[in-house]
Amino acid sequence: MYSYIMRRVTFGAVTIIGVSIIVFMVLRILPGDPLVAIFGPEGFTKLSEAERAHYMAELGLSDPLVVQYLSWVGDIARGNFGRSFFRSESVGEMILRRGPLTAEIGIMAVILSWLVGIPVAIVSALRPNSLGDNVSRFISIVFLAIPGFWLGMLIVLASLFWLGYRVPLAGASLWADPWANLQIVIGPAVVLGLGQGAYIARMARSSLLEVIREDYVRTARAKGLSRRPVIMLHALPNALLPVITLSGILLGFVLAGSIPVERAFGTPGLGYAMFTAVSERDVFVMQNLVFLYAVVFVMLNILVDLTIAWLDPRIRYR
Amino acid sequence: MTVTEPETAYSLQQGRQAVESSRLRRVRGGLSTFIRRSPLSAFWGCIAAAILVMAIAAPVLAPYEPLKSDFRAMSKPPNERHYFGTDQIGRDVLSRVIYGSRASLTIAIGAVLFGTTLGAFWGLASGYFGGRFDIVSQRVIEFLQSFPDLILAMAIAMALGAGFGTVIVAIAITRIPFGGRVIRAVVLSLKEMSYVEAARGLGASHLRIMLRHILPQCVAPYLILATTHLGVAIIIEAALGFPGSAFRRRLRPGAICWLIP
């Protein structure tokens, strides 16, 4: 197990370096001038050549690319995430202030997706191709196809017009004001959780159907155990392994999906910050946020891999 | 339906008709079996076909001009003149949805054709040659896969700036790793087959083996992959063109995507 952890973590570190190079390449080398973003297209044309060079030097954009890359990585290693072009708050502060909300949304969405997906999968897998199975598969396909932000907009509009309810505007932390915090978080979490629950239900159904056909399940039935304990205690734990892996991948969907969904709900989380950064072409904020998201995604995947290896010893000895 | 004279026994024309009708019957038979076996797939297949028809026949089907605003009917709920209602500046929403299917499908198909195909060829080469090239390719693909799709697409679209083509390229790049992975796995098992060995024994070049002997076997997994990713591409495209998004404002004027009021 120890060597497996070491191997996985080393791979993760290599991946994070590769990811940082890709982020840097995408946001610095591709065309698009940050000065246009700061001064606007009209203001940009009014700048003289010398002024342009001055501002580029001030932003550190006239150094060679390798130097720029190393200084960026060094800054991040020292915990300095840079500043926005438009806001006084540093990116680090912004992440600390807004990150917890998005993390809460992600965790709640994952829990919700399991709570919804697994029971549906069990019901479908017990009677494959029955009416209940077909209905639940139909509904899960519908939820796969619906974009989360669209559902989010509908929920916001419906609660506003029919119930006259509006989510509290100010961001509230979990500890200071749990009730307001729950109101802010619950909408995006439900929308993202339902979308993921559909994937989970489909995966768990097919995996459960596979496991139910195995010999040991038939043995358990043959020795006289009733249906319910066989499914819940013998079949389900083995069927859940691929679901855990899928859940790790889906966490990426939650991270990405939270961007438009938080925008739809007006949630003051990191996703909304990313959205704003894109709209304002705030290159440095975008660069650091994209990197942060990718690092979180890589780390979560390592965590999921380690969990799987811990649950299933066959994997770590491969 | 004329009664054929016995002396004009079996003309070529009739023969061809017979073949065509039997082929038609076979297609129809296959379709009806498919519908009976999996009614759900058939149902969704019809919907997909309807959307395709809608996109192609948009000018015929749309009741109004999608970009023309009618200031006497602004922000109207659905009524008998505008089945989907109108938006803030009086444009017919139904027409915009119908025209929007064009943009959405073009972007999705373009992104998948470009991205998945590029990934597939990359996977073909990396699986076939193996060695150091394969190791490096796998790492690069892993790096690309470490980003959630939408985030990478957003970053690329932002860096490249405005446009229809930009969105296609941005989504296409996120599709590359999937094509690469799947096709590489197929190629790895195919290249050990004895018919590939036979071709090599006959002196076929690497290029010929890859294109004539291995590539045709990759078509089926490629098609499955591509159709799945069409849906993913449409969802990413919708999120990029989400109301209030920067990309929507910068899209070429006149380009309408779905879900953009």
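# A tour of the two-chain model

Helices (H or I, at least four residues) and strands (E, at least two) are DSSP runs, numbered from the N terminus.

This is a predicted model, in which local features need pLDDT of at least 70 and side-chain atom pairs count only at pLDDT 80 or more, while totals for chains, interfaces and linings use all residues. Residues are numbered from 1 along each chain as its sequence is written, and chains are lettered from A and ligands numbered from 1 in the order in which they are written.

**Around H8(B).** Pick Arg200(B), which lies in helix H8 of chain B. Is Arg200(B) buried or partly exposed? Arg200(B) counts as partly exposed because it has 15 C-beta neighbours inside 10 Å. Next, draw a distance from Arg200(B) to Ser126(B): the two are 74 residues apart in sequence, and their C-alpha atoms are 18 Å apart in space. Just after H8(B), select Gly203(B), which takes a positive phi of about 95°.

**Confidence in chain B.** The chain averages 79, and 84% of the residues score at least 70. Two residues are in contact if their C-beta atoms, placed from the backbone, lie within 7 Å. Where pLDDT is low, the predicted coordinates should not be read in detail. The model scores ipTM 0.79 and pTM 0.79.

**A helix pair in chain B.** Select helix H6 (residues 149–160) and helix H9 (residues 206–240) of chain B, which pack at an angle of about 55° with their axes 10 Å apart. Axes are lines fitted to C-alpha atoms, for helices over the stretch in contact, and angles run from 0 to 180 degrees between N-to-C directions. H6(B) passes H9(B) in a right-handed crossing. On the H6(B) side the contact is made by Asp149(B), Leu150(B), Ala153(B), Met154(B) and Ala157(B), and on the H9(B) side by Ile236(B), Ala239(B) and Leu240(B). A crossing is left-handed if the near helix is turned anticlockwise from the far one by less than a right angle, and right-handed if clockwise.

**Chain A.** Move to chain A, which has 13 helices and zero strands. Of its 318 residues, 34% count as buried. Now show helix H5 (residues 91–126) and helix H8 (residues 178–212) of chain A, which pack at an angle of about 35° with their axes 5 Å apart. H5(A) passes H8(A) in a right-handed crossing.

**Where the chains meet.** Finally, show both chains: 31 residues of chain A are in contact with 27 residues of chain B. Which helix gives the most to the side of chain A that touches chain B? H10(A) does, with seven residues.

Terms used:
Buried ≥ 20, exposed ≤ 12 C-beta atoms within 10 Å, placed from the backbone. pLDDT = per-residue confidence, 0-100.
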